[in-house]
Amino acid sequence: MLEISKIFLNKKIIKYLFLIGIMLRFIYLNYMNWKYGYFTTGIPGIQYWLDSDRYLLGAENILNGTSIIGRGNQYFGYIIFIALIKLIGLPLEFVVIFQIIISIIAAFTLFNLAKHITGNSISGYVAISLYMLNPFINTWHTFILTESLYSSFVIFSCWAFYKVLNSRSYKYIIIFIFILLTTILIRPNGWIFLPIFICFFIFYSKLKLKVKISSVIIIFFSFIILANSIPTLQKAINVTTPVELMKKGEVIWGHPELRIEMPKEEIKNQENWSQGYKYIIKHPISCIKLAFLRIGNMFIQIRSHHSTIYKAHILLWIIPAYFLAFLGIIKYRKSMIIRIVLAVIVGHAFIVALTYSTHESRFLIYILPIIYLLSGCGFVSVLQKVTPFLTKQKAALKRRMYKRDVQDSSKNKGSI
């Protein structure tokens, strides 16, 4: 009994030490980013890029009682967050601190989800290791951009939705609604959660299969109609000019050299995204090819201008993770959490298929943490396969050593 308790205690100590190691490394990576801009611009302190001015100006407008101009309304949640920091009188550095704290909470949420799926805490440790130690994810925590906060809330949304489906309690319904609204307000990408979650509610209802399928189809088309009817949502989609980019064959935003040739055809009112469906129906092969190229460039985030070392670095963080994620999906495909996560990944990939991939692959950052959740599950499935084999090998080795000891003992007795 004492031996068992010692083994259990040793395992617990190892796990705690491993967790402490992850946290220390995470703090170190963010310190290097803050102190030297190590993984970012090479400039220390807060990082600014592209849309940073939009959020800062939007926050100033709120504090001054003026209206938010341009596309700021699409990121109202993030702008409110910055405005609150300023209103309290805290320096802008607290935006970065808050983003890092939220990402740590998201990491432990990821841990709990992975452990719940597999029943093994190792899956959780693998998931948070990949998430917290990935320098390409840590890069975004020090930016005044939505990437860090949104990717954290993608994790929270998956967790909250699972809790609602699993328990159906009012407490989790309230938490879920709050998290969902926050996710949508941080980035317009969050709108994709609405049709996904409604479809899941129907799928896990007691309705007949035919009714479920019909309802999902109706919801899909209803969402498209609503997206074209609600001015704010329509504007959010139209501003990315998806029809124009589709006609151009835009794969990665800002890289005309990577465009593919698309069929020439005049589209009336192409500034309205809903007019693109006729073009897709007429040229399905070209449009599917474009969509897959966009998605491929999102998931494999290497670019021609990257150095060989940089490419190797990125591939090391994603290819093994993708392989383990695939194994995790196969092993735990019946898990409700796995299905929710898969739907969210597909939903975000669908947005990229309709719009474009990005130069710096930040669209992948939104879903990479939940892919790592799948990777943690995949690692445990491999471990479960390997452990019995290693146990057999260990037992066989012990038997051979025992036989050899017996033989040596017999020889020694004979010589005496």
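**Rings, a helix and a loop**

Start with tryptophan 49, which counts as partly exposed because its relative accessibility is 33%. Please keep in mind that this is a predicted model. The partner of tryptophan 49 is tryptophan 140, and tryptophan 140 is buried, with a relative accessible area of 7%.

A pair of aromatic rings is described by two things, the distance of the centres and the angle of the planes. For tryptophan 49 and tryptophan 140 the distance is 6.2 Å centre to centre, with 50 degrees between the planes, and the pair is tilted. Where do the two tryptophans lie? Tryptophan 49 is in the loop between α1 (2-36) and α2 (52-64), while tryptophan 140 is in the loop between α6 (135-138) and α7 (147-167). The pair therefore ties together parts that are 91 residues apart in sequence.

Now compare phenylalanine 153 and phenylalanine 156. Their ring centres are 5.1 Å apart and their planes stand at 90 degrees, so this pair is edge-to-face. Both sit in helix α7, three residues apart, which puts about one helical turn between them. Phenylalanine 153 and phenylalanine 156 are both buried.

In total, the structure holds 24 aromatic pairs. There is also an aromatic cluster, made up of Phe161, Phe176, Phe193, Phe197, Phe200, Phe201, Phe203 and Tyr204. One member, phenylalanine 203, has lysine 212 over its face, at 5.7 Å from the ring centre.

Phe176 takes us to helix α8, where it is one of the buried residues. The others on that list include Tyr172, Ile179 and Leu180. Which elements cover the buried residues of α8? Among them are α3 (76-88), α7 and α9 (193-203). As for its length, α8 covers residues 170-186, so to speak 17 residues, and reaches 24 Å from its first C-alpha to its last. That is close to the 24 Å expected at 1.5 Å a residue.

Next, a loop further along. Histidine 306 is located between α14 (284-299) and α15 (308-331). Is histidine 306 buried or exposed? Its relative accessibility is 16%, and the cut-off for buried is under 20%, so histidine 306 counts as buried. Setting aside residues up to four places away in sequence, histidine 306 touches Gln301, Lys311 and Ile314.

Isoleucine 314 belongs to helix α15 and is buried, at 1% relative accessibility. Beyond its neighbours within four places in sequence, isoleucine 314 is in contact with Phe136, Gln301, Ile302 and His306.

A word on cysteines. Cysteine 287 is buried at a relative accessible area of 9%, and cysteine 377 is buried at 0%. The count of disulfides comes to zero.

Last, the whole chain. It has 18 helices and zero strands. Of its 416 residues, 45% are buried. Among contacts with a separation of 6 or more, 71% are between residues 24 or more positions apart. The accessible surface is about 22,800 Å², and 69% of that belongs to carbon and sulfur atoms.

Terms used:
Residues numbered from 1 in each chain as written. Predicted model: local features only at pLDDT ≥ 70, side-chain atom pairs only at ≥ 80, totals over all residues. Heavy atoms only, no water. Helix = DSSP H or I, 4+ residues; strand = E, 2+ residues; numbered from the N terminus. Buried < 20%, exposed > 50% of the residue type's maximum accessible area, 1.4 Å probe, protein only. Contact = heavy atoms within 4.5 Å. Areas by Shrake-Rupley, 256 points an atom, 1.4 Å probe, with all protein chains shown as cover. Phe/Tyr/Trp six-rings, centres within 6.5 Å; stacked < 30°, edge-to-face > 60°. Lys NZ or Arg CZ within 6 Å of the ring centre and 35° of its normal. Disulfide = S-S within 2.5 Å. Expected span 1.5 Å × (residues − 1).
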